[in-house]
Every structure is written in structure tokens, then in C-alpha cells.
Amino acid sequence: MANPPSSLQDKVVLVTGAAKRIGRGIALRLAREGARVAIHYGNSEAEARATAAECGGAPLFRANLESVAEIERMFDEVKGTLGRLDGLVNNAARFTRRDPLEVTEADWDFIHSVNLKAVFFCCQNGARLMRKTGGGRIVNISSLGGLRPWADHAHYCASKAGVIMLTRALAKAFAPEITVNSVAPGVIPFGELDAEATRMVQATPALRGGTPDEVAGAVVYFLGASNFITGQIVAVDGGLSQR
Ligand SMILES: NC(=O)c1ccc[n+]([C@@H]2O[C@H](COP(=O)([O-])OP(=O)(O)OC[C@H]3O[C@@H](n4cnc5c(N)ncnc54)[C@H](OP(=O)(O)O)[C@@H]3O)[C@@H](O)[C@H]2O)c1
């Protein structure tokens, strides 16, 4: 017997920061699940084109997410190109390490402009578009750093804790048509690990780092779930949040 169609079949889903790494893994997985994936990128045009080709010729959308005007233009382009939006995965983010005693205003804004402000305005613009066709699903990629305090990443941890509370507040604001959930990855390594990441992997009960496809699996779950599941956070972290 043929497999029943996936609940994501032909759903239009925009993934931000989808050129590389975790975002790429999410986009590829969604394409395999039958979704019509829209690929957002910032600077990585060549990698975005490669990901889009692997997703069966997915459309590409470029925007600097620091700018609300560019976010608005991107959602207008998604509407013009695809006509609707069923799912939004806010994956794009920045990550820096800085002693909190040394953090400058520019360091703070560098992180928060993308990790928190852009996530809010992508949720706002995505929800406005989803409501035109009856609703949709938003998944925000937060981080274990939004659940646990990391001393040299206080500015990053604050931005991701913000994403988690944004997820919960917008789940109430956008119900019942739109759900808002979050996936909080632990260590998802690419290439060689630095000393800090090595220590974290060693402390992970699963005794390994995770993969982009493991993050994507949780994203797929939320995108396909009913509207009875909203405002929830799932850590995909090999148990590290339980330490
Ligand atoms: N990797 C991990 O271990 C880990 C752990 C916990 C949480 N996470 C979270 O998982 C998500 C993906 O992680 P990752 O390591 O794959 O991320 P990443 O490679 O650091 O960043 C993903 C993408 O975000 C885009 N981006 C950043 N600033 C942008 C801007 N101003 N405008 C447009 N795009 C921008 C970049 O796109 P372009 O390259 O096209 O410019 C980049 O490729 C992030 O939310 C991250 O915080 C990751």
C-alpha cells in the first residue's frame, strides 16, 4: 500500500537562514516530506542556490534580517511568488562569545537585531500572511542557551530566552488559527569542535552531538501537529538540559 500523504504535502513553508548547516538540513527534510519550501538567505547565495536545487528548485528569497523593511519586502515577495504561507521556520541567527564585562552596545545589537527582533517581525509578517488563508504553523529555533545560562554568552542566552518567551506569548496572541512552537537545539556540530563544544558533548547524556536532521524531525512534528499543541518548547539536545 502506498504511504498516505504527509501532512506537509504541498504546504508552503519558508525557512530562514536555509543556505547552510541546520537551516539547510531543515529545508531538505521539509522537501522530502513533500512541502513547497521557500529558501531565505542573507549572504550565502551560492550555498542557498545549491540547497534550493536539492529541494527540487525551491524559490530563493534574500533579505538582511536586521532590517524590518527587508523582512516586510521578503514576505511580500513570498506572497507574490507562492501566493500563500502555511509554515514559517525562524532559523537564522548569530552566535558570539564575549565576556559580559566587555560586551559593547554594538555587540548586544549585533545579536539581538537578528536573534530576537527579526524573529518577532518575521512572526508578525508570517502570521499576517497565514491568516489570509485560514492559519498556519510557526516554529522558532531557539537554543539550549535560552534554557541554561552560559557565562560567556549572556547576550546570546538572553536573545534565545527572549525567543522562548516570544514563542509562548505569540502562541496565545495568534491562536487558534496559528500555532507557535520552538525547537531548542543542544550541540549540533559542524566540522571540528572547539574546547567549549567538546566539553558540552562530553557532558551530553547521549554522549554525542546532534544532527541537523534530528532538529528537522522536531520541526516537522510541530509543522504537522494540530492547533492543540502550541507555545511548547522541545529541546533536541541529547539530554544536556537535564544536567
Ligand atoms: N549549531 C548549533 O550547535 C546550535 C545550537 C543551539 C542553537 N542553534 C540555533 O539553530 C539555528 C541554526 O544554527 P546554525 O549553527 O546552523 O546557524 P548559523 O550557521 O550560525 O546561521 C544560520 C544562518 O543565519 C543567517 N543569518 C544570520 N544573520 C543574518 C542576517 N542579518 N540576515 C539574514 N540572514 C542571517 C545566515 O545566512 P547567510 O549565511 O545566508 O548570510 C546563516 O547561514 C540558529 O537559530 C542557532 O541559534 C544552533
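**The sheet and its surroundings**

Modeller: Val12 and Leu14 point one way from β1, whereas Val13 and Val15 point the other way, and all are buried, a residue being buried if 20 or more other C-beta atoms, placed from the backbone, lie within 10 Å of its own, exposed if 12 or fewer, and partly exposed in between. In a regular strand the side chains alternate between the two faces of the sheet. This is a predicted model, in which local features need pLDDT of at least 70 and side-chain atom pairs count only at pLDDT 80 or more, while totals for chains, interfaces and linings use all residues. Residues are numbered from 1 along each chain as its sequence is written.

Helices (H or I, at least four residues) and strands (E, at least two) are DSSP runs, numbered from the N terminus, and two strands pair if DSSP finds at least two bridges between them. Strand β1 is joined to β2 by four bridges, and the two run parallel; within this pairing, Leu14 has Ala38 of β2 as its bridge partner. The open sheet has seven strands with parallel pairing, in the order β3-β2-β1-β4-β5-β6-β7. At its edges lie β3 (60-62) and β7 (233-236), each of which pairs on one side only. On average, neighbouring strands of this sheet are turned by 20° against each other, direction ignored, where axes are lines fitted to C-alpha atoms, for helices over the stretch in contact, and angles run from 0 to 180 degrees between N-to-C directions.

Further along the sheet, β5 (residues 136-141) and β6 (residues 178-185) run parallel and are joined by six bridges, with Val183 in β6 as the bridge partner of Ile141. Helix α3 (residues 68-82) packs on the sheet, where α3 touches β1 (12-15), β2 (36-41) and β3, and its direction makes about 150° with that of β2; contact here means C-beta atoms, placed from the backbone, within 7 Å.

Technical notes
Two residues are in contact if their C-beta atoms, placed from the backbone, lie within 7 Å.
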